[in-house]
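Visitor: I have a structure open and would like to go through it with you. Could we start with how its parts meet?

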Amino acid sequence: MAGICNRLLGLNSFKGLKVFESTVLQHGCDCFAVTQFSGQVRHKGPPKPKLRFPLWYLQKTRVNYPEKITPENREFIKEVGYEKFGPPAVISGISTFQTNSPLKDQPLQKGVWTPKSRRCGLITRKIGLYPMWSKSGEPVWTTLLQVVDNHVVKYIPPEEYDPARKSVVYRKNHSLGVLLVGAESCDPQKFTREYCGLFAPAGLPPKRVLGRFFVSPDAALQPGTPLGAMHFRPGDVVDVVGKTKDRGFQGVMKRWGFKGMPGSHGVTKTHRRGGNIGGGGEKGRVWPGTKMPGHMGNRTRYLRGLKIWRINTKYNVLYVQGLGVPGGTNSIVYIHDTCLPLRKIKDESKAPPFPTYDPSVDDDLPDDLYDPEIHPLDSPSISFEEAKK
Amino acid sequence: MLLRNIIQRSLTKVRVNVQLQLERRNATVASPVTLDENVVRPEAKELSKSDQKFNSLQQRFVYPEFLPNPTLEWRNPIREKLERIDMMRRRSQVDLPEFYVGSILAVTSSTQHAVSKQTRFLGICIKREGCGLRASFVLRNVIDHIGIEIRYFLYDPKILKLDVIKLEKRLDDELYYLRDALPEYSTFPEDMEPEILPDGMPIPINTTKVVMKPRPWYARWERTHFQGINRELMMTHVSEKMKMQIPLHEKPWEKYDLMKQYRSTIPEEEQKDIFAEVDSELHKLELLRKKQKRKRAFVKPLKSS
């Protein structure tokens, strides 16, 4: 192949050919190699990659070629899976495996919560919006986030964690470890061997969704620990992260809310266009950041400082303030304790479940836990007291 | 000739199919006139099994808000289930009886700013919309020559009492045209006596055709096909130019659009599952309501001295 390329470029230098071959081997991409070759060779050896993929960034799915397995064997493979991960079950509305004892080793020692400790977050699915009413009779619009079969997959302590992308001012004594959390157990046959291997040490079936949360070392969790909605309490304040709805390539009116131009009065061919995009003279160019048409949506967006109004413990649903949680219904949303300095918990008497909720503490939890400001719909109608004369 | 015959035959086939489809999976969208003929009120008596099945399919007219929004991208079975649980919780606290667009209702709700902390509003229901906990209805009345409309959320805990003063239907699914009709059509005295409908009676349909006021109007009523508008008198207010535009805005093909019909309705099987969940509780509440109604209907005879 190198010969063909050389012929195309009109080269016949022996040295050039050698360099070219090595680059092809390294990058496996012809175009890249061709551009590399045009200049002088300055580097000795391959450059250190500035960007690395994190260790859980693996080839996830495989090609679904026909394997020609007999139905009996197919059943057998299924049974092996069930033996390994437990029988299939629907737990709190989600189909998963009934893993009886996920913890292989002794659970890590429980730390004590301090205002500086950082807890793990959860992976949820946005399942819809609906109103509730406060005790003063005002409607409270909430977004429902269902915690979907979350388990801790891996813990990397701060000393071992080597971030893929270091910031310019990277602190060497980074004090936060990393918890890898997975959501939604799946059939292992759907994924590659290397992806399934990520979950094997924790004794878990492969998960469809992965999430990473920075935690302080005292909030570390044993791999295999299940996480539920009771990780938070009603009244807690959280931040949510999600991907906004993909709206494709959009014009300025939809993307930036421009007013457009008149529909009539002699206006031709410019009804929804942006108009002028720059001045002349010294500023005679398009300034960076000018609002123009382009791709809209499908971006990670944060929404901070949302109060949890209610928790459904049966279906693991969090009722979170507001309608602005990014993404459409049934999309994935990550949720963690708020980082807003004025809304963080600072009082040690109000410490959250640490490092996570222990289900063995109380057996008979009610199905619904409400914030004291919320009017539960099974209590009598709201009536205001008459003013005293 | 032959070709034309074939085409005609195939067309009639399509029409029959469409009608069948409408009957099968119709919830909200189809014209109300066809639906009304089928409506039989659920009875309190013990029903046989086949009757109960029929009954649960009729629930979609009585409790339309139990059916979720059919838009596929907004649906989630667990959210819908949670919503239904909450709705039943609210229904255990307040009596939310059966009513339709065109019925006359009186809503007593608690209001922070009223002197007695309660208000009662009586009016005709001109619109019912929304699914689940966000279900709402609009009441309209003319008080002191001013038209007043109030939107109530059906499951709002501020609603203390919902009385059906007159249970009846109109010819249409929504009555926003009453805004542009003569005021007498939406004027109801606030001390209206409730009319109690005997058990097992079909819901009466009020076939009033309202007379519209001269323009300007809230909407282009001449372009719509509402049965409850007196069309002849309405057209006297419409200019020739507006009359010419009417056929341009007609969409006669929409009633044959099976996909549109499918997307805007919940399939029959799903409806059955949904009502199977709440039927027993709804039935209990209905029995309770019947008991209270009998009490109300019975007037204690006065002692004759």
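Visitor: How many residues of chain B are in contact with chain A?

Guide: This is a predicted model. In it, 25 residues of chain B are in contact with 25 residues of chain A.

Visitor: Which residues are buried in H4(B)?

Guide: Arg79(B), Arg84(B) and Arg90(B) are buried in this helix, and so are Glu80(B), Glu83(B) and Asp86(B). Leu82(B) and Met87(B) are buried in H4(B) as well.

Visitor: Changing topic: what is the strand order in the open sheet of chain B?

Guide: The five strands follow the order S4-S3-S2-S1-S5, and their pairing is antiparallel.

Visitor: Why is one side of S4 and of S5 left without a neighbour there?

Guide: Strand S4 (146-153) and strand S5 (159-166) of chain B stand at the edges and have a single partner strand each, so one side of each has no neighbour in the sheet.

Visitor: By how much are neighbouring strands turned against each other?

Guide: On average by 35°, with direction ignored.

Visitor: How many bridges pair S3 and S4 of chain B?

Guide: Eight bridges pair strand S3 (residues 136-143) with S4(B), in the antiparallel sense. Within this chain, Val142(B) has Gly147(B) in S4(B) as its bridge partner.

Visitor: Now chain A. How many bridges join its S3 and S4?

Guide: Strand S3 (residues 122-134) and strand S4 (residues 139-147) of chain A run antiparallel and are joined by nine bridges. Pro131(A) has Trp141(A) in S4(A) as its bridge partner.

Visitor: What lies between the strands of that hairpin?

Guide: Four residues lie between S3(A) and S4(A), and Gly137(A) in this hairpin takes a positive phi near 90°.

Visitor: Which strand is joined to S4(A) by five bridges?

Guide: Strand S13 (residues 317-321) of chain A, running antiparallel to S4(A). Tyr319(A) in S13(A) stands opposite Leu144(A).

Methods: Residues are numbered from 1 along each chain as its sequence is written. Chains are lettered from A and ligands numbered from 1 in the order in which they are written. This is a predicted model: local features need pLDDT of at least 70, side-chain atom pairs count only at pLDDT 80 or more; totals for chains, interfaces and linings use all residues. Two strands pair if DSSP finds at least two bridges between them. Helices (H or I, at least four residues) and strands (E, at least two) are DSSP runs, numbered from the N terminus. Axes are lines fitted to C-alpha atoms, for helices over the stretch in contact, and angles run from 0 to 180 degrees between N-to-C directions. Two residues are in contact if their C-beta atoms, placed from the backbone, lie within 7 Å. A residue is buried if 20 or more other C-beta atoms lie within 10 Å of its own, exposed if 12 or fewer, and partly exposed in between; C-beta atoms are placed from the backbone.
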